[in-house]
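Visitor: I have a model open and want to learn to read it. Where do we start?

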Amino acid sequence: MALLAGLALLIQTGVGWVVAIRLLRLASRTRELPELALGGSVLLAIGFGYPLLVASAAAGSAPLRIAGALLVDVGFMLTALFSWRVFRADARWAGALVASLGVAFLAQLAWVLRDESAAALLQMALACVVYGWTAIEAAIRARMQDRRMRFGLGDAVVANRLWLWALMGATSTAAALVNAFTILYGIMPLEDPAVLVLTTSSGLVQATALLLALAPPSAYVAWVARA
C-alpha cells in the first residue's frame, strides 16, 4: 500500500507539473490573471509544496516543513484569487473573503514551528474553504451551461471542464477533511490501510480531474464535443 501511495504522489506531482506549465505558457501569451494564478497555484501547491511536506514528514525536517507549508499556502491563496476573479469578480464579499484567507494563512505559517498540529489543522480548515468554494462556484456555472445546452446555446466542453473542476475541488475538500481527522486522532496515514486507501484514491481522482479539466488530450475534447 505504501508503494501505491508513493506512485499516486508521483502521478499527482507529474500531472501538476504538466498542467502548471501549460497554464503558465498560456498566461505568458494572454497576459491574463486567471491563467497565471491557477498555473502558479498548481505549480506551488502540487508541483513543489505537497511533495516537500511528505518529504519533511519522512525526514523529520523542520526547514522542509516550513518550505512546504509556505508553498502550499501560497498555492491555496492563488486558487482563492482565481475563484474570485473568474467567478465573483464584482462581488465585494468575495474580495473580502480572499483578504481574510490571506490573513489566516499568515497566522497559520506563524504557528508551524510553535504547534505543528494546530498549524496543520488550520491549514486543512482553510483548504476546505478554498476548495469547497471553488467547487461550488464551478458546479453552479456548469449547471448553467447544462441548461443552456438544452436550448442549443451552451458549450459541452466548457460544461465538462467546469464539472471536472468542481470534482477536483470537492475531492480536495474531502482529502483535507481526512487529513484533519488523522491529525486530530494522531493517525499515521502510512500505517492505517483505510486512511491510505482514501488519501491515495483522492489523489488519483484529483490528478485525473485536473488533467482533463486544464490540460485535456485532444481526443478527450473531441469525444466530449461529440457526446
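Predicted model: local features only at pLDDT ≥ 70, side-chain atom pairs only at ≥ 80, totals over all residues.

Visitor: Let us take the core. Which residues of the largest nonpolar core touch the most other members?

Guide: The general idea comes first. In soluble globular proteins, nonpolar side chains tend to be buried together. Here the largest nonpolar core has 48 residues, and Val 19, Leu 101, Phe 105, Trp 165, Leu 210 and Leu 214 touch the most other members. H1, H2, H3, H4, H5, H6, H7 and H8 each supply at least two residues of this core. H5 gives the largest share, 9 residues.

Visitor: Now the charges. How many salt bridges does the count come to?

Guide: The test is a Lys or Arg side-chain nitrogen within 4 Å of an Asp or Glu carboxyl oxygen. By this rule there are 2 salt bridges. One joins the side chains of Arg 88 and Glu 137, at 2.9 Å from N to O. Arg 88 sits in the loop between H3 and H4, and Glu 137 in helix H5, so the pair ties together parts 49 residues apart in sequence.

Visitor: Is Glu 137 buried or exposed?

Guide: Buried means under 20% relative accessible area. Glu 137 has 3%, so Glu 137 is buried. Arg 88, at 28%, counts as partly exposed.

Visitor: What does Glu 137 form with Arg 141?

Guide: A salt bridge, with the closest N and O atoms 2.9 Å apart. Glu 137 and Arg 141 are separated by about one helical turn, because they lie 4 residues apart in helix H5. Shared partners join Arg 88, Glu 137 and Arg 141 into one network.

Visitor: On to the surface. Which residues gather in the patch of positive charge?

Guide: Patch members need over 30% relative accessible area and no salt bridge. Arg 22, Arg 25, Arg 29 and Arg 161 gather in the positive patch. H1 gives the most to this patch, with 3 residues. Arg 29 is found in helix H1. With a relative accessible area of 59%, Arg 29 is exposed.

Visitor: And which residues make the nonpolar surface patch?

Guide: Leu 7, Leu 10, Ile 11 and Leu 204 make a patch of about 350 Å². Helix H1 (residues 2-30) gives the most here, with 3 residues. Leu 204 has its place in helix H7 (residues 193-214).

Visitor: Why does Leu 204 count as partly exposed?

Guide: Partly exposed covers the range between the buried limit of 20% and the exposed limit of 50%. Leu 204 has 32% relative accessibility, so Leu 204 counts as partly exposed.

How values were computed
Residues numbered from 1 in each chain as written. Heavy atoms only, no water. Patch = residues over 30% accessible without salt bridge, like charges linked within 9 Å, V, L, I, M, F, W, Y side chains within 5 Å. Areas by Shrake-Rupley, 256 points an atom, 1.4 Å probe, with all protein chains shown as cover. Buried < 20%, exposed > 50% of the residue type's maximum accessible area, 1.4 Å probe, protein only. Lys, Arg positive; Asp, Glu negative; His and termini not counted. Charge placed at Lys NZ, Arg CZ, Asp CG, Glu CD. Core = buried A, V, L, I, M, F, W, Y, C linked by side-chain atoms within 4.5 Å.
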